[in-house]
Amino acid sequence: MIRPATIKDVPRIQEIINSHAELGRMLFKSLAQLFEDLRDFAVFEDEDGRVMGCTAVTIIWADLAEVRSLAVDEAYRGRGVGRQLVEWCVDEARRLGIRKLMSLTYEQRFFEKLGFEVVQKESLPLKVWSDCVKCPKNDACDEIAMVLELEDVPMNTGPIAQPTPRGVSIPVLEHFED
Ligand SMILES: CC(C)(COP(=O)(O)OP(=O)(O)OC[C@H]1O[C@@H](n2cnc3c(N)ncnc32)[C@H](O)[C@@H]1OP(=O)(O)O)[C@@H](O)C(=O)NCCC(=O)NCCS
């Protein structure tokens, strides 16, 4: 069963993510990061109510969300849990009206099975703009950028954004009224 995460799940989510992070498969997450982002998270529970996997969907822009912190307990890998968690992310993007779902990953084959395609990181400037500039891997990122486009969700690009992190300008109000 997949359900939205609650506060009680945080230590277990951290345990699963960091068990993979220790092997270099993903980035470590602190408890503070998990509490802050908890509303983005869902967990997979087995029949005994034990959390065996997690994922998060983070909104990047009007037409882009990211699958983050996808992790399945080692004992449960290869049983379709990862697929169900990504399907939850797809449903969530659709519910929000977001057409593109991206992932930065080493698991290219897994995401290809779920319909994602490899893209150039530069084709996702808003991701690079908002997160990659803060990431310790920034200049040496070896993760593969992948995107799934939800054809049934209408295009909605939102306000025009700067094309590269170097072109960042902070929006200012043209007319300030007291
Ligand atoms: C990647 C991960 C989430 C996959 O979860 P999982 O539960 O093992 O995957 P599933 O059992 O749902 O697999 C779905 C399909 O992908 C395939 N698959 C899964 N991992 C694969 C891999 N590494 N290479 C090729 N195919 C893979 C499965 O065989 C299955 O194919 P099928 O539907 O034809 O049978 C899990 O292995 C994991 O937690 N990895 C470590 C953390 C990580 O890398 N997270 C991704 C961060 S973006």
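**Cysteines, ligand shell and buried strands**

Biologist: Starting with Cys141, is it buried, exposed or partly exposed?

Modeller: Cys141 counts as partly exposed, since its relative accessibility is 25%, and please keep in mind that we are looking at a predicted model.

Biologist: And Cys54, buried or exposed?

Modeller: Cys54 is buried, with a relative accessible area of 0%.

Biologist: How many disulfides does a search of the whole structure find?

Modeller: The search, which covers the whole structure, finds zero disulfides.

Biologist: Let's step back to the fold. What pattern does the protein follow along the sequence?

Modeller: Read along the sequence, the pattern is β-α-α-β-β-β-α-β-α-β-α-β, and the secondary structure comes to five helices and seven strands. Of the 178 residues of the protein, 40% count as buried, and among contacts with a separation of 6 or more, 69% are between residues 24 or more positions apart.

Biologist: What about the surface, how much of it belongs to carbon and sulfur atoms?

Modeller: Carbon and sulfur atoms hold 53% of the accessible surface, which comes to about 10900 Å² for the protein.

Biologist: On to the ligand. Which residues are closest to it?

Modeller: The ligand is surrounded by 21 residues, of which Arg77, Gly80, Gly82, Arg83 and Glu107 are the closest. By type, the shell around the ligand divides into eight nonpolar, six polar and seven charged residues.

Biologist: Which element gives the most to that shell?

Modeller: That is α4, with four residues, while the elements that each supply at least two residues are β4 (64–72), α3 (81–96), β5 and α4 (108–113).

Biologist: You mentioned β5. Where is Ser103, and why does it count as buried?

Modeller: Ser103 lies in strand β5, which spans residues 100–105, and it counts as buried because its relative accessibility is 2%, where the cut-off is under 20%. Beyond its neighbours within four places in sequence, Ser103 is in contact with Val67, Phe111, Ile144, Ala145 and Met146.

Biologist: Which strand holds Val147, and what does it touch?

Modeller: Val147 is found in strand β7, residues 144–149, and is buried at a relative accessible area of 9%. Setting aside neighbours within four places in sequence, its contacts include Lys100, Leu101 and Met102, as well as Gly115, Phe116 and Leu124. Gln120 is 27 residues away along the chain, and the C-alpha atoms of Gln120 and Val147 are separated by 9.8 Å.

Biologist: Last one, Glu45: why does a charged residue count as buried there?

Modeller: Glu45 counts as buried because its relative accessibility is 16%, again set against a cut-off of under 20%. Glu45 sits in strand β2, residues 41–45, and touches Met1, Arg3, Arg50 and Val51 when residues up to four places away in sequence are not counted. With one of these, Arg3, the side chain of Glu45 makes a polar contact of 2.7 Å.

Key
Residues numbered from 1 in each chain as written. Predicted model: local features only at pLDDT ≥ 70, side-chain atom pairs only at ≥ 80, totals over all residues. Heavy atoms only, no water. Disulfide = S-S within 2.5 Å. Buried < 20%, exposed > 50% of the residue type's maximum accessible area, 1.4 Å probe, protein only. Contact = heavy atoms within 4.5 Å. Near = heavy atom within 4 Å. Nonpolar A, V, L, I, M, F, W, Y, C, P; charged D, E, K, R; others polar. Areas by Shrake-Rupley, 256 points an atom, 1.4 Å probe, with all protein chains shown as cover. Polar contact = N/O pair within 3.5 Å; in protein donor to acceptor, adjacent residues only side chain to side chain.
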